[in-house]
Amino acid sequence: MTKKVYIETYGCQMNVADSEVIASILKANGFEMVDNINDAGLILINTCSIRENAEQRIWRRLKAISHLKRKNRNIVIGLTGCMAERLKEKVLEEERIVDIVAGPDSYRDLPLLVSEAETGHKAVNVLLSHEETYADISPVRLDRNGVTSFVSIMRGCNNMCAYCVVPYVRGAERSRDPETILHEAEELFSSGYREVTLLGQNVDSYRHTKNGLSTGFPELLEKVAGINPLMRVRFSTSHPKDISDDLIKTISKHHNICKHIHLPAQSGSNRILKLMNREYTREWYMDRVSRIREYISDCSISTDMITGFCTETEEDHQASLSLMEWAGFDFAYMFMYSERPGTRASRKYSDNIPVEIKARRLNEIISLQNKLSAISKKNDVGKTFEVLIEGYSKRSSGYLSGRTSQNKVVVFPRREEKKGEYVNVQIEKCTSATLTGKVV
Ligand code: 5AD
Ligand code: SF4
């Protein structure tokens, strides 16, 4: 029965890509994926540790599925990913229903861990690797629209942002062999996919060297874009300290490299950026944004912001607001600082901003961003954009939905167009989350 596996994924896009690697490894070992948790003999929860509430959500989920195990003792439950790596054996003490704990670099070992669990033993592998990139594994696409897909190009992270748990749970940075990346993207294109998002914690520092031949990120991006003009390429995430003019120029030169850059600022205050160990200043960040706008006039820029980091004053908070206003971000992910055990911030600084203040500041940046996002969408009204159709609109099958190169969702009345096709849509209206228009 454990041969029927159900995978549930939490956290970032990288985790989504990892679940597809897990599915591929298991399939090659005779497992079969199921869509309903009640049909599964093996349940894998691919977890996230980025903030405390991400972990709490997973504990609650484990409680909620514990009845399955009470009903059938033979069901095997495994925790994979970042939280498995962070807590290691401690997971087993906290939650008795868990049988397997597998960190992000141990997925090749999963079939073995499952057999061990089947004999009634708890199975743990949380070793991190300096080499593992799962380069040779063709991910099994789970639950996709058949048009857009992720391709992981590197693993781990060498930056030491003071707040961040990622380097501890995903290990050191390593880049995947470009040939295998190209091969995966080509296969996606031949099976009908029309967009790939290249994923890494810090794509700008992608570098792979083989037989004296070294490939950096702009080159890799160009090669993937060269597969076919009908294949769009996106990437995430860029680091403001590393994003180069070379990369910006590469994006500007290719129609099918999407005009959208996710460039997490985190804070607009130089004092806080220093404490966060982000290795850039507000002025540097602004220079990068100006450079992007100079080379790519129609580029959208999104960001991540954290409120209430250790010692953040009202003045620091105002600096974040003013940076956001200046940059006019098209979109942002915004969070309250959440102290993560073991990180530099947790060891060196006190998490001294009361939660009410963190929350109030978060609300302020959210309302500002709502205003900025609305401005960004209003500016699109009347313009015509090339849209890659991803499927029916969620609301009605009389409408199709897709995204612009700038990563904005566009909904329009369906005629004979199909998903995977490009259409030019003239924008007529905008709502809070989407643009609507008609095919021209
Ligand atoms: N607390 C709050 N937000 C965090 N992020 C990363 N670590 C933390 C933390 N400890 C945010 C950052 C990052 C995004 C993925 O999550 O903004 O860019
Ligand atoms: Fe992704 Fe970070 Fe969460 Fe891990 S901890 S799943 S890398 S967001």
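Modeller: Before we start, a polar contact here is a pair of N or O atoms within 3.5 Å. And keep in mind that this is a predicted model.

Biologist: What about Arg 51 and Tyr 163, which atoms of ligand 1 do they face?

Modeller: Arg 51 has a polar side-chain atom 3.0 Å from an oxygen atom of ligand 1. Tyr 163 uses a polar backbone atom, 3.1 Å from a nitrogen atom of the ligand.

Biologist: Which strands supply at least two residues each of the shell around ligand 1?

Modeller: That would be E15 (300-307) and E16 (331-336). The residues surrounding the ligand include Asp 304, Ile 306, Phe 335 and Met 336.

Biologist: How does that shell divide by residue type?

Modeller: Six nonpolar, two polar and three charged.

Biologist: Switching topic: at what angle do H11 and H12 pack?

Modeller: About 10°, with the axes of H11 (residues 282-295) and H12 (residues 314-327) 11 Å apart. Angles under 35 degrees count as roughly parallel, so that's what H11 and H12 are to each other.

Biologist: Which residues meet there?

Modeller: From H11, Tyr 285, Met 286 and Val 289 are among them, and H12 brings residues including Leu 323 and Trp 326. The contact divides into seven nonpolar, two polar and two charged residues.

Conventions
Residues are numbered from 1 along each chain as its sequence is written. Chains are lettered from A and ligands numbered from 1 in the order in which they are written. This is a predicted model: local features need pLDDT of at least 70, side-chain atom pairs count only at pLDDT 80 or more; totals for chains, interfaces and linings use all residues. Side-chain values use heavy atoms; hydrogens and water are left out. Axes are lines fitted to C-alpha atoms, for helices over the stretch in contact, and angles run from 0 to 180 degrees between N-to-C directions. Helices (H or I, at least four residues) and strands (E, at least two) are DSSP runs, numbered from the N terminus. Angles under 35 degrees count as roughly parallel, over 145 as roughly antiparallel, 65 to 115 as roughly perpendicular and the rest as oblique. Contact means heavy atoms within 4.5 Å. Ala, Val, Leu, Ile, Met, Phe, Trp, Tyr, Cys and Pro count as nonpolar, Asp, Glu, Lys and Arg as charged, and the others, Gly among them, as polar. A residue is near a molecule or strand if one of its heavy atoms lies within 4 Å of it. A polar contact is a pair of N or O atoms within 3.5 Å; within protein, one must be able to donate a hydrogen and the other to accept it, and residues adjacent in sequence count only if both atoms are side-chain atoms.
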